[in-house]
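Please look at the structure shown here and follow the text with the model open beside it.

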Amino acid sequence: MSYTIAAQVRTEIGKGSSRRLRHAKKVPGVIYGPGKEAIAIVFEHKDIINIQEHQDFYTSELTIVLEGKEVKVRVQDMQRHAFKPMVEHVDFKFA
């Protein structure tokens, strides 16, 4: 199964800006990999909360639509809230 997530580049980085994004129902994230510069991104929480429940979400390639370009990635790490059904941060690796 293929998954597609629409995202935007994030310019504000830090704890405060990440908290503001989470209050606005958005999820901060980062895409990184060898030989490429890391890209800070942000996307809607509703776009990931349901698809992250599928097992193949963690093992297959995902497509992130970033400023009109499609970027192939894999999930590297995901931080969830301790007791709420919320995703707090996602690390992606270039595929």
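The paragraphs below go through the strands, a helix, some aromatic rings and one threonine.

The model is predicted. Its sheet is a closed barrel of 6 strands, which run in the order E1-E3-E2-E6-E5-E4 with mixed pairing. On average, neighbouring strands of this sheet are turned by 45° against each other, with direction ignored. One of the pairings joins E1 to strand E3, residues 36-44, in the antiparallel sense, over 3 bridges. Within this part of the sheet, valine 9 stands opposite isoleucine 41 in E3. Helix H1, residues 15-23, packs on the sheet. This helix touches strand E2 (26-33), E3 and strand E6 (87-94), and its direction makes about 125° with that of E2.

The aromatic rings come next. A pair of aromatic rings is described by the distance of the centres and the angle of the planes. The count comes to 3 aromatic pairs in this model. One of them is formed by tyrosine 3 and phenylalanine 57, whose centres are 5.9 Å apart with 75° between the planes. This pair is edge-to-face, because an angle over 60 degrees counts as such. Which parts of the chain does the pair tie together? Tyrosine 3 lies in strand E1 (residues 3-9), while phenylalanine 57 is in the loop between helix H2 (45-49) and strand E4 (62-66), so the pair links parts that are 54 residues apart in sequence.

Phenylalanine 57 also forms an edge-to-face pair with tyrosine 58, at 5.1 Å centre to centre and with 85° between the planes. Phenylalanine 57 counts as buried because its relative accessibility is 0%, and the cut-off for buried is under 20%. Tyrosine 58 has a relative accessible area of 29%, so this residue is partly exposed.

Lysine 36 lies over the face of phenylalanine 94, at 4.6 Å from the ring centre.

The last stop is threonine 63, which lies in strand E4. Why does threonine 63 count as buried? Its relative accessible area is 8%, and buried means under 20%. Leaving aside residues up to four places away in sequence, threonine 63 touches Tyr3, Thr4, Ile5, Glu70, Val71 and Lys72.

Methods
Residues are numbered from 1 along each chain as its sequence is written. This is a predicted model: local features need pLDDT of at least 70, side-chain atom pairs count only at pLDDT 80 or more; totals for chains, interfaces and linings use all residues. Side-chain values use heavy atoms; hydrogens and water are left out. Rings of Phe, Tyr and Trp (its six-membered ring) pair if their centres lie within 6.5 Å; planes under 30 degrees apart count as stacked, over 60 as edge-to-face and the rest as tilted. Helices (H or I, at least four residues) and strands (E, at least two) are DSSP runs, numbered from the N terminus. Buried means under 20% relative accessible area, exposed over 50%, partly exposed in between (1.4 Å probe, protein chains only). A charge sits over a ring if NZ of Lys or CZ of Arg is within 6 Å of the ring centre and within 35 degrees of the ring normal. Two strands pair if DSSP finds at least two bridges between them. Axes are lines fitted to C-alpha atoms, for helices over the stretch in contact, and angles run from 0 to 180 degrees between N-to-C directions. Contact means heavy atoms within 4.5 Å.
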